[in-house]
Protein chains: 2
Amino acid sequence: MNAPAQAAHLAPKIQARPVTQAFLDKLKSRFGDNCSMALVVREQHGRDESAFAPVPPPSAVIFAESTQDVADAVTLANEYKVPVIPFGVGSSLEGHLLAVQGGISVDLTRMNKVLSINAEDLTVTVQPGVTRKQLNEEIKSTGLFFPIDPGADATLGGMSATRASGTNAVRYGTMRENVLALEVVTASGEIIRTGTRAKKSSAGYDLTRLFVGSEGTLGVITEVTVRLYPLPEAISAAICSFPSIASAVQTVIQIIQLGVPIARVELIDHNAVRMVNAYAKLSLREEPLLLMEFHGSPTGVKEQAETVQEIASDHGGNAFEWATTPEERTRLWTARHNAYFAALQSKPGCRAISTDTCVPISKLSDCLLDSISETDASGLPYFLVGHVGDGNFHFGYLIDPEIPREREIAEALNHKLVSRALRLGGTCTGEHGIGLHKIDFLVTEAGAGAVNMMRTLKQALDPHNIMNPGKIFT
Amino acid sequence: MNAPAQAAHLAPKIQARPVTQAFLDKLKSRFGDNCSMALVVREQHGRDESAFAPVPPPSAVIFAESTQDVADAVTLANEYKVPVIPFGVGSSLEGHLLAVQGGISVDLTRMNKVLSINAEDLTVTVQPGVTRKQLNEEIKSTGLFFPIDPGADATLGGMSATRASGTNAVRYGTMRENVLALEVVTASGEIIRTGTRAKKSSAGYDLTRLFVGSEGTLGVITEVTVRLYPLPEAISAAICSFPSIASAVQTVIQIIQLGVPIARVELIDHNAVRMVNAYAKLSLREEPLLLMEFHGSPTGVKEQAETVQEIASDHGGNAFEWATTPEERTRLWTARHNAYFAALQSKPGCRAISTDTCVPISKLSDCLLDSISETDASGLPYFLVGHVGDGNFHFGYLIDPEIPREREIAEALNHKLVSRALRLGGTCTGEHGIGLHKIDFLVTEAGAGAVNMMRTLKQALDPHNIMNPGKIFT
């Protein structure tokens, strides 16, 4: 197993561009205390949850409090050709927040107001620093909810920028389907709006979806309008364990092919179950599990659950364990969301390198099983979780960051996994984005022509290449 | 009522660019019999279903039989800076197909093969000339269907290019949500692919959705991969008549706000019912109707129908008439789809000018009722149909094309309607596109900044402005 090219990615190429004192002075004079040059603040804004080696932090951090703040910071940066990296809660996984070309970080967490709740239209407009949990808390009284749930309590701005999704996407779609409109500060500092609150539109180019998933490389998202959904009349969650990953996956494939409107269907392998049990003091069966949730009317939920139970049982699934009270459900989903932290705790001092491929549902079994054999053979501890109803899953390889060889093995495994997913008609990233880590994979996936088109768009909208440069493509 | 600016739009500004004999000779030599310069063929390709006055037709029509044919035609056109207008079945409604800057038409109807059916993944890949009815016919044996239904038997290429939707969108989404991947010939004649068959992806800019809705102005779509859905176990359709449009609309608003997963909910006003009765020899009650369809399990469908009946009855809706056999359903939906032709027949020699706004659902009543009063006051015959579950509706104004005053009145009504929709937070087009007709409205809706951004993207991807020039923006 030898993948020097991939391993090299973990120490990203640094091409810091000059940030003059004159620029920093102007920034300071405009933003005062909301411009920090303290090392600790800068360092905190120069990293994310990826396993990249540290790079020098940004030269300054602006704490934006309004769209105008963002526009002024970007205008100034554009004038001085200084990179700008938008920052939410720092939960990115592919190196999006690293200042590989220097520049400044624009922290959006103080722009955290829910601006307007339009319950009658099932929409809400928020500032980019609002997190998904905060949003659901603030709209609680409306009987509506925002389903997109990437695990981390990410900001809506960050989730838009990486085209996030997560556990509920199998039923409710991703940020791609759920963002209706945006306000954006462009690379020249102009404030534009994309989309309207109408549910559909054929009015010109789909700028909304051009910015959703653009990873901060085209502008800074300063307002997000998303769709909301009525809280289901009935919700029930169930766990079902399986004799093998294969049988769990076959169950999922059949659920999807039959069109069962399941709201969540998560695969958790026996490693992850073991880690979660230890971390959260649970006693889940240490076998591959499907963790499922059904939304609908009481009869609808019952019917879905019966269908799924039948399919699961055909594939050797054990009796369902039900969680019908909100408390039980929270316990289950907390366990799922804690898989990452549980894994980190299972090997003190380790880091988890998280993969993120997504394949057409019929290829899920092929892609997963070969990757599991390969990973088992590597000897590296790992866990596997997946939003399998969408064909999307994550291996977490646990490596000791002090041992370069472990990094190399993990990167080589990831390389094989992604290559396999691409061969099977899938994508190199289901929901984490390209960042610094998957630049080469994007070319393999999309082809040089399509990537050149992306680069052309970037050059047209950001001629000085100030918006999060070095991400998505070089 | 005076709207000279709008009326003027109906005779589009012609800015024909030179098409040299040398270019036409090269075209003829490359395409032989698949290049037609016969006037009747050119005229047929120089118009659509819009009410625009005729403009001179394109100089030649290429009947493309492969992606390479398209690439060669575009490469040549780009070399000679000649406009290219992609052509499907010609059902566009906003002047998309008019050769206002001259050039050639590329007819894609011979590229009408279903390339691969991936039933296990619920996807299908087709050439752009495949029509929606043909597609559903060819996948019949799989137990799957393609839901998007704009009324006309449009091509998948054309539907992608205009971001089409129609009756089923309230449940299944529009082309925006259902196109997974494209093959595109760019303005320079290069062939690129966007997207994969994976259900979701965060891999770079969303080129798929940049081309969906680009109205032929960025490239020619030569392959389309769309999502399919399992045919519902049970389908039932019902008609319910209401004492007023207001009560019908209130029923719809409540259905949507409750999250009932209704598959279709169409409003048909008393005028349209009258026209359809006469045309199709039906005896529907000549009152505002909701035509609905429910998809799901037998219990699910029953439950949805009961909920909807209760809501309808609260708003004065009459007893439902059910259509549960496929034949009865076909009869009902044929009546709906024939509304346009029924209207044309109701006033011999007339043309229908079709409006197309979409508003947030809570504003539907405000938008509709004021527009109805205005239209009633105008004295112009009209009908009203709407995909009201999405907040999208169409007035059809019946005008005598020989009477300029009628055109002016219709355009003034449309102007007031669109302006109202925009004031209410809606869009100037829910599904027909901008074309030639709504260029000014797009600026009002999106703002000069966003439209400038669209123009920047266009210039970057099509520097010689050969792809369907003069549409979307000037």
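Q: Let's start with strand pairing. Which residue is the bridge partner of Val84(A) in strand 4 of chain A?
A: Strands of a sheet pair through backbone hydrogen bonds, either parallel or antiparallel. In this predicted model, Val84(A) has Ile104(A) as its bridge partner in strand 4 of chain A. Strand 3 and strand 4 (residues 104-107) of chain A run parallel and are joined by four bridges.

Q: What is the order of the strands in that open sheet of chain A?
A: There are four strands, in the order 1-2-4-3, and the pairing is mixed. Strand 1 (35-36) and strand 3 (84-87) of chain A sit at the edges, each pairing on one side only. There's a helix to look for here too: helix 2 (residues 21-31) of chain A lies across strand 1 and strand 2 (60-63), at about 25° to strand 2 of chain A.

Q: Over in chain B, are the residues of strand 13 buried or exposed?
A: First, the general idea: in a regular strand the side chains alternate between the two faces of the sheet. Strand 13 (residues 264-268) of chain B is mostly covered, with five of its five residues buried. On one side you'll find Arg264(B), Glu266(B) and Ile268(B), and on the other Val265(B) and Leu267(B); both faces are covered.

Q: Which strands does strand 13 of chain B pair with?
A: Strand 14 (residues 289-296) of chain B pairs with it in the antiparallel sense over five bridges; there, Glu266(B) has Leu291(B) as its bridge partner. Strand 18 (residues 382-387) of chain B also pairs with strand 13 of chain B in the antiparallel sense, over two bridges. In strand 18 of chain B, look for Gly386(B), the bridge partner of Leu267(B).

Q: What about backbone angles: which phi does Lys81(A) have?
A: Most residues other than glycine have a negative phi, and most peptide bonds are trans. Lys81(A) is not a glycine, yet its phi is positive, about 55°. You'll find Lys81(A) in the loop between helix 4 (67-80) and strand 3 of chain A. Lys81(A) is partly exposed, as 16 other C-beta atoms lie within 10 Å.

Q: And where is Arg163(A)?
A: Look in the loop between helix 6 (156-161) and helix 7 (169-172) of chain A. Arg163(A) has a positive phi of about 55° as well, although it is not a glycine. Arg163(A) is buried, with 27 other C-beta atoms within 10 Å.

Q: Zooming out, how many helices and strands are in chain A?
A: Chain A has 17 helices and 19 strands. Its radius of gyration is 22 Å, close to the 23 Å the globule rule gives for 474 residues, so chain A is as compact as a globular protein of that length. Of those 474 residues, 59% are buried.

Q: How many residues of chain A are in contact with chain B?
A: 72 residues of chain A are in contact with 72 residues of chain B. Helix 17 of chain A gives the largest share of chain A's side, 12 residues. By class, that side has 26 nonpolar, 30 polar and 16 charged residues. The copies meet through the same surface, because 100% of the interface residues of chain A are also interface residues in chain B.

Notes
Residues are numbered from 1 along each chain as its sequence is written. Chains are lettered from A and ligands numbered from 1 in the order in which they are written. This is a predicted model: local features need pLDDT of at least 70, side-chain atom pairs count only at pLDDT 80 or more; totals for chains, interfaces and linings use all residues. Two residues are in contact if their C-beta atoms, placed from the backbone, lie within 7 Å. The radius of gyration is taken over C-alpha atoms; the globule rule is 2.2 Å times the number of residues to the power 0.38. A residue is buried if 20 or more other C-beta atoms lie within 10 Å of its own, exposed if 12 or fewer, and partly exposed in between; C-beta atoms are placed from the backbone. Two strands pair if DSSP finds at least two bridges between them. Axes are lines fitted to C-alpha atoms, for helices over the stretch in contact, and angles run from 0 to 180 degrees between N-to-C directions. Ala, Val, Leu, Ile, Met, Phe, Trp, Tyr, Cys and Pro count as nonpolar, Asp, Glu, Lys and Arg as charged, and the others, Gly among them, as polar.
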